[in-house]
Amino acid sequence: MLYVLPETAGDLVVVQANQQLTTADFQEHLQPLLEEKTPQFGQVRGVLFLDNEFTGFEPDSIWEPTHFAEQHGDAFLRLAVVAEEKWQPWVEQLNSALSNGECKHYRISQFLLGLHWSDSGEDE
């Protein structure tokens, strides 16, 4: 399941995921935001918060790093992924696949740091 958080404003998109992320989650929640914001802002800044109840990604879905980057990689200037350490390899794959943006992993306890980096490009 994917939820749009209230911090979403202007060119900043902040979403929270729990359980399993599916292509339907992307199409129903994130894709409309990207379609609304990218014509206005060009690239957006994002935070994807994979909370403690997050279990993974639907197999062969839009969330597979190379597929995500091919379809929507140009939409992100910076994408902070706030998640448990076990999701860091997925973040690294996504960062490698993004051509025009940057993706970084932050621990769940570092949510505000990830939000700040996405906003400013600075870790402190």
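This report walks through a predicted model of one protein chain, from overall form to single residues.

## Ground rules

In this predicted model, local features need pLDDT of at least 70 and side-chain atom pairs count only at pLDDT 80 or more, while totals for chains, interfaces and linings use all residues. Residues are numbered from 1 along each chain as its sequence is written, and side-chain values use heavy atoms, with hydrogens and water left out.

## Overall form

The protein chain has four helices and five strands. Both are DSSP runs, numbered from the N terminus: helices are H or I with at least four residues, and strands are E with at least two. Along the sequence, the pattern reads β-β-α-β-α-β-α-β-α.

The C-alpha atoms fill a box of roughly 30 × 30 × 30 Å, taken along the principal axes. The radius of gyration, 13 Å, agrees with a compact globule, because a globule of 124 residues would have a value near 14 Å. That radius is taken over C-alpha atoms, and the globule rule is 2.2 Å times the number of residues to the power 0.38. Contact means heavy atoms within 4.5 Å. Of the contacts with a separation of 6 or more, 69% join residues 24 or more positions apart.

## Surface and charge

Buried residues make up 48% of the 124 residues. Buried means under 20% relative accessible area, exposed means over 50%, and partly exposed lies in between (1.4 Å probe, protein chains only). The chain exposes about 6,200 Å², and carbon and sulfur atoms supply 46% of that area. Accessible areas come from the Shrake-Rupley method with a 1.4 Å probe; for residues, only the protein chains shown count as cover.

The side chains include 6 positive and 21 negative ones. Lys and Arg count as positive, Asp and Glu as negative; His and the chain ends are not counted. The centres of the two sets lie 7 Å apart. Each charge is placed at NZ of Lys, CZ of Arg, CG of Asp or CD of Glu.

## The nonpolar cores

In soluble globular proteins, nonpolar side chains tend to be buried together. A nonpolar core is a set of buried Ala, Val, Leu, Ile, Met, Phe, Trp, Tyr and Cys residues joined through side-chain atoms within 4.5 Å. The largest core here has 29 residues. Leu30, Leu48, Leu50, Trp63 and Val81 touch the most other members. Strand E2 (12-21), helix H1, strand E3 (44-57), helix H2 (65-72), strand E4 (76-82) and helix H3 (88-97) each supply at least two residues of this core. E3 gives the most, with five residues.

Leu50 has contacts beyond four places in sequence, including Ala17, Phe57, Val81, Trp87 and Ile108.

Val14 lies in strand E2. Val14 counts as buried because its relative accessibility is 0%. Val4 is 10 residues away in sequence and 6.1 Å away in space, C-alpha to C-alpha. Not counting residues up to four places away, Val14 touches Tyr3, Val4, Leu5, Glu7, Thr8, Val47, Phe111 and Leu115.

Leu79 sits in strand E4. Leu79 has a relative accessible area of 5%, so this residue is buried. Leu48 is 31 residues away in sequence, yet the two C-alpha atoms are 7.2 Å apart. Beyond four places in sequence, Leu79 is in contact with residues including Gly46, Leu48, Leu94, Cys103 and Trp117.

Gln27 belongs to helix H1 (residues 23-41). Gln27 counts as partly exposed because its relative accessibility is 46%. Gln27 and Ile62 are 35 residues apart in sequence and 9.2 Å apart in space, C-alpha to C-alpha. Gly42 is in the loop between H1 and E3. At 38% relative accessibility, Gly42 counts as partly exposed. Leaving aside neighbours within four places in sequence, Gly42 is in contact with Lys37 and Ala75.

Most residues other than glycine have a negative phi. Gln19, in strand E2, has a positive phi near 60 degrees. Gln19 is partly exposed, with a relative accessible area of 48%. Asp60, in the loop between E3 and H2, has a positive phi near 55 degrees. At 81% relative accessibility, Asp60 counts as exposed.
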